[in-house]
Amino acid sequence: MGPCKYQHYLLRICDPLFILSVAALATTWKWPIISYFEGGKMKQPQKASFTFWQRLRRARTTRIIGTLIILLVLPGLSPISQPRVTQAARRGSYPIQHIVIMVKENRTFDQYFGTFPGADGATTYTDPNGKVHPLTHDPDTLDFDILHTQGAFQKAFDHGKLDRFSEISGAIQYINGKQEDVADGQMYQSDIPNYWQYAQTFALPDHFFYTIDSDSFPNHLFAIAATDDDVDGLPRIKDGKYKWRWGCDAPAGTNAPQLHADGSHSKTPPCFTFETLGDLLSAQGISWKYYAPGQDKNGYEWSAYDAIQDIRNTQQWQQHVVDYTQFAKDAASGNLPTVSWLVTPAGISEHPPVSVCVGENWTVSQINAVMNNQSLWSSTAIFLTWDDFGGFYDHVVPPKGPNPQIEYGLRAPLIVISPYARPHFIDNTFYSFPSMLKFAETILGLPSLGGLDQQSNNLTNAFNFNQQPLPPLILQQRTCPKLAYTKSLQFVEDPTVYGD
């Protein structure tokens, strides 16, 4: 059947039910429009011999039939929308209804999982003289941070030799009275037993790379968008009072450095107009929240939507960006949105020098909040990752991205936690931060953001949506050393010193 010749933008005139309803109206109330369907000439009503009661019953019956037809047809008289290029596909083919992206701080894959059985890990490193050394066993807390700027990465990277981590600022620290190379170091299973339990039970991708070979800001942008406008470092804020405002509320004159694919440098205010996953979700009426510390609070610098103009400077900021402490409450009450991001204050972020034990405990409490709500757990996918290399060693040379000057960084730890994660599975697929966005686009039937997500693998290889759903894994928090709590409570990071 060809297109309707008389299709109107408000009505489907060629719909047979529409025609029938109009005919019923005309029969019931003798509308002149009936002439349109009878050739344009209005017929005169024919007289018939009916008693008064017959005419009354006939009129009532006709009106009832006509009214029923109209009630059946009216729902179909909706506007015919014009097709959109970015129209989302129909959802419902996946059992995942909640996606959680948890972003913590400053680790590499080898630093947390270099000794994990079956994974592509390392327990040794090579120095600039070609000598092989065992990786240091790093303690729960460090004395101070390790430099992890783009310049520090380039020094440690050393044209792919990965042999100069010990030369970056903060790499050598006193551990138990002895100088140790903590940059060329790693944690053992006994140091992060709960993270290992998650990795052993669910899925552990071992080729998930930081998108940018620098510190926090660019990779947090890539956790919400498929671009960062070639930003390769932190916003440079002259007024220390507002040092955590890495976004549209930054003081005038604040700029973030950019390094472009041709090697040229520029700078830009940290208030961007590129599209984010939040924009796609809002356009489709899909719920989302970004859980983060509030303005000027410790950890506010990692609240990435602060740098997105159409979120930060509109009512969407109040609607979608909420305090990080609300996450566990929303999980327990069953009020988590379809997509959630969760970032933390520095003291529980695992950002050196703070305690890994304290940070892991907090992470467990948040995941337990999801798992203790069985109806929520049954339809949730959690991506637990970290935001930059933190100055730590990793033995895998990252591939070059579309901007080879800054893409890609070293491998990040990523644990995929879900009833539908492949159990005990090490995923060797190449992924980066936009892969998490691509997963959301795939599961929720969203259009592409049009950036790195287009060429990213979507992480579905870490899932088996047809398997018997895995039960929740409720873990116990550990007792951390007293020093761990003290250092975590007292630590206030200074991005002007080591990066962030």
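Helices (H or I, at least four residues) and strands (E, at least two) are DSSP runs, numbered from the N terminus. Y408 lies in the loop between β15 and β16. A cis peptide bond joins E407 and Y408, with omega about 0 degrees. The structure is a predicted model, in which local features need pLDDT of at least 70, side-chain atom pairs count only at pLDDT 80 or more, and totals for chains, interfaces and linings use all residues. Residues are numbered from 1 along each chain as its sequence is written, and side-chain values use heavy atoms, with hydrogens and water left out.

The protein has 16 helices and 18 strands. Buried residues make up 54% of its 500 residues; buried means under 20% relative accessible area, exposed over 50%, and partly exposed in between (1.4 Å probe, protein chains only). Contact means heavy atoms within 4.5 Å. Among contacts between residues at least 6 apart in sequence, 78% join residues at least 24 apart.

In soluble globular proteins, nonpolar side chains tend to be buried together. A nonpolar core is defined here as a set of buried Ala, Val, Leu, Ile, Met, Phe, Trp, Tyr and Cys residues joined through side-chain atoms within 4.5 Å. The largest such core holds 137 residues. Those that touch the most other members are I99, F113, Y198, Y290, Y305, W341 and F383. Helix α12 gives the most to this core, with nine residues. Leaving aside neighbours within four places in sequence, Y305 is in contact with I224, T276, L277, G278, W288, Y290, I311, R312, W317, V321 and W341.

Helix α6 spans residues 193-201. Its buried residues are N194, Y195, W196, Y198 and A199.

Two packed helices are described by the angle between their axes and the distance between the axes. Axes are lines fitted to C-alpha atoms, for helices over the stretch in contact, and angles run from 0 to 180 degrees between N-to-C directions. The axes of α6 and α12 come within 9 Å and cross at roughly 45 degrees. The two helices are therefore oblique to each other. Angles under 35 degrees count as roughly parallel, over 145 as roughly antiparallel, 65 to 115 as roughly perpendicular and the rest as oblique. On the α6 side, P193, N194, Y195 and Y198 take part. They meet G359, E360, T363, V364, I367, N368 and M371 in α12. By class, these residues divide into six nonpolar, four polar and one charged. Ala, Val, Leu, Ile, Met, Phe, Trp, Tyr, Cys and Pro count as nonpolar, Asp, Glu, Lys and Arg as charged, and the others, Gly among them, as polar.

Helix α11 (residues 326-333) also packs on α12, at an angle of about 20 degrees and with the axes 7 Å apart. That makes α11 roughly parallel to α12. F327, A328, A331 and A332 in α11 meet Q366, A369 and V370 in α12. This contact has six nonpolar, one polar and no charged residues.

Several loop residues are buried. P337 is placed in the loop between α11 and β14 (339-342). Its relative accessible area is 7%, so P337 is buried. P337 and I99 are 238 residues apart in sequence and 8.5 Å apart in space, C-alpha to C-alpha. Beyond neighbours within four places in sequence, P337 is in contact with H98, S287, W288, K289 and Y291. V396 is found in the loop between β15 and β16. V396 is buried, with a relative accessible area of 12%. From V396 to G160 the C-alpha separation is 9.0 Å, across 236 residues in sequence. Contacts of V396, neighbours within four places aside, are with D120, L162, F209, L410 and R411.

Strand β18 (residues 431-432) contains S432. S432 is buried, with a relative accessible area of 2%. Leaving aside neighbours within four places in sequence, S432 is in contact with F208, F209, T211, Y408 and S456.

Backbone features complete the description. The peptide bond from P352 to P353 is cis, with omega near 15 degrees. P353 lies in the loop between β14 and α12. Phi is positive in N176, near 55 degrees, and in L459, near 70 degrees. Neither residue is glycine. N176 is in the loop between β5 (172-175) and β6 (178-181), and is exposed at 81% relative accessible area. L459 lies in the loop between α14 (433-444) and α15 (482-490), and counts as buried at 0% relative accessibility.
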